[in-house]
Amino acid sequence: CHRMKRGRKMTAILAISVALIMGLLMTRILRPLKLPDVTAYLIAGVLIGPYVLGRLNVPGMGFVSTSDVEQYALISNVALGFIAFTIGNEFRLSELKTIGRQAMIVGIAEGLVASLCVNIAMFVLHIFIGAKLPITTAITLGAIATATAPAATLMVVRQYKAKGKLTDILLPVVALDDAVALMVFAVSFGVAMALKDGAFNMTSILVEPLLEIVLSLVVGAFMGWLLTQLETLFNSNSNRLSLTIAFVFLTVGISMLEFDVGGIHIAFSSLLVCMMLGTVFCNICPLSEDLMEKSDRWTAPLFALFFVISGAELELSVFSDVSIVIIGVVYIVFRCIGKYLGAWSSSKAAGCDPMVQKYLGITLFPQAGVALGMCITAAAKFGEEGAMIRNIVLFSVLVYELVGPSMTKWALKKTGDIQPKSVEVVNRRAIKLQEAEDKKKVMR
């Protein structure tokens, strides 16, 4: 028994090491294609996942099954917590005075328009294919379309050090998008359940989702205040950084709590709680900017590992069902149309820069974590219909995650938020490489 436990621990450590190394190597292999690192990590995950390297069934040298990948959910939960914490840093009051109103308008509108477009497309498709796409499935897919993945967007922004008008509004919009997505999904899914069961439950449709959002923000705000107070006990920046990291872990753990009070189910959104933690912390702690910069360096390997694991989770088996592929393609196309039209029209109404109006919608295409959480909820309640919803969303996530980061990079380059490396920087790197080569020759 002791040997078996040691064997499992060794396998887990090997799998994590292989995942991280493969992810980093893939960024070098795909460098000539100029793809974002996020895409390279995802491709690495697919290669070491259950459908490629995992088929060799060599423990530790890849993920041999979907359940094997699920064992590392803790890493994904913590990584998403740090991603939300980092995005919360974008809600500095000094900056929100100029873009807060615009971000609020766009964040709400783009999600609602995307949901509306997918709902219309799914209803029309339902007319043609009937029982293959039940009306309850169509409503649920429309709600899931609202969500945007903050992780891939943030990684592209960080990798290329994007700065400008589009980046300034993009991260707050992505953060607000999650709150909108939770509300839309709760209401739409409640309606879908009512149509299926024949009884409306206002508690689950309105009260519980509203409580989830409010309580998540309250808990996150309290944790942000408490972190700031405890930071004053330490003079060392390394100790302050350790405390900050510990608090993100603690906040992620607290946000996973679920319980019932008087017939009302109480739950929290990990993304909203950690986002609020970062927002309060960056606004009331005078050392937050320096600590956030140091935290970004610490989390680099964690984020890389998160995306490799996300790639391993992608279900390639969904391609075997033609109906899933057809519905998935319609879902992807009309969600993209909705995101683009919603972002374009709302940013124009809010008086955003013309370049922001033109390219913001493209940066909102990626979809992953929040959408997957929603489809898991649907799968648990709808049986066969839920499995269909899950497969359609998995198909779309596969496409969005592999293509979305490159489109985000392209949009940020078009607006000038990603600047090409200066000649000085390129020459300095070339000189350093030449010096290293000369040193090797001398040593030989």
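Visitor: What does Lys165 form with Asp353, and how far apart are the closest N and O atoms?
Guide: A salt bridge, with the closest N and O atoms 3.2 Å apart. Keep in mind that this is a predicted model.

Visitor: Where do the two residues sit?
Guide: Lys165 is in helix H8, residues 165-197. Asp353 is in the loop between H13 and helix H14 (354-359). The pair links distant parts of the chain, 188 residues apart.

Visitor: Is Lys165 buried or exposed?
Guide: Lys165 is exposed, because its relative accessible area is 56% and the cut-off for exposed is over 50%. Asp353 counts as partly exposed, at 25% relative accessibility.

Visitor: How many salt bridges does the structure hold?
Guide: Three. Another one joins the side chains of Glu110 and Lys339, at 2.7 Å from N to O. That pair also links distant parts of the chain: Glu110 is in helix H5 and Lys339 in helix H13 (residues 322-349), 229 residues apart.

Visitor: Are Glu110 and Lys339 buried or exposed?
Guide: Both are buried. For Lys339 the relative accessibility is 0%.

Visitor: And which side chain meets Asp177 in a salt bridge?
Guide: That of Lys339, at 2.9 Å from N to O. Asp177 lies in helix H8 and Lys339 in helix H13, so this bridge ties together parts 162 residues apart in sequence. Asp177 is buried too, with a relative accessible area of 0%. Salt bridges with shared partners join Glu110, Asp177 and Lys339 into one network.

Visitor: Why would such side chains pair at all?
Guide: Opposite charges can pair when the charged atoms come close.

Visitor: New topic. Which residues form the nonpolar patch on the surface?
Guide: Leu116, Ile120, Val124, Ile127, Phe128 and Ile129. Together they have about 630 Å² of accessible area.

Visitor: Where does Phe128 lie?
Guide: In helix H5, which covers residues 93-129. Phe128 counts as exposed, because its relative accessibility is 69%.

Visitor: Now H10. What span should its 19 residues have?
Guide: 27 Å, at 1.5 Å a residue. The end C-alpha atoms of H10 (residues 237-255) are 27 Å apart, which agrees.

Visitor: Which residues are buried in H10?
Guide: Arg240, Leu241, Leu243, Thr244, Ile245, Phe247, Val248, Thr251, Val252 and Ser255.

Visitor: Which residues in an α-helix point the same way?
Guide: Those three or four places apart, because an α-helix has 3.6 residues a turn.

Methods. Residues numbered from 1 in each chain as written. Predicted model: local features only at pLDDT ≥ 70, side-chain atom pairs only at ≥ 80, totals over all residues. Heavy atoms only, no water. Patch = residues over 30% accessible without salt bridge, like charges linked within 9 Å, V, L, I, M, F, W, Y side chains within 5 Å. Areas by Shrake-Rupley, 256 points an atom, 1.4 Å probe, with all protein chains shown as cover. Salt bridge = Lys/Arg side-chain N within 4 Å of Asp/Glu carboxyl O. Helix = DSSP H or I, 4+ residues; strand = E, 2+ residues; numbered from the N terminus. Buried < 20%, exposed > 50% of the residue type's maximum accessible area, 1.4 Å probe, protein only. Expected span 1.5 Å × (residues − 1).
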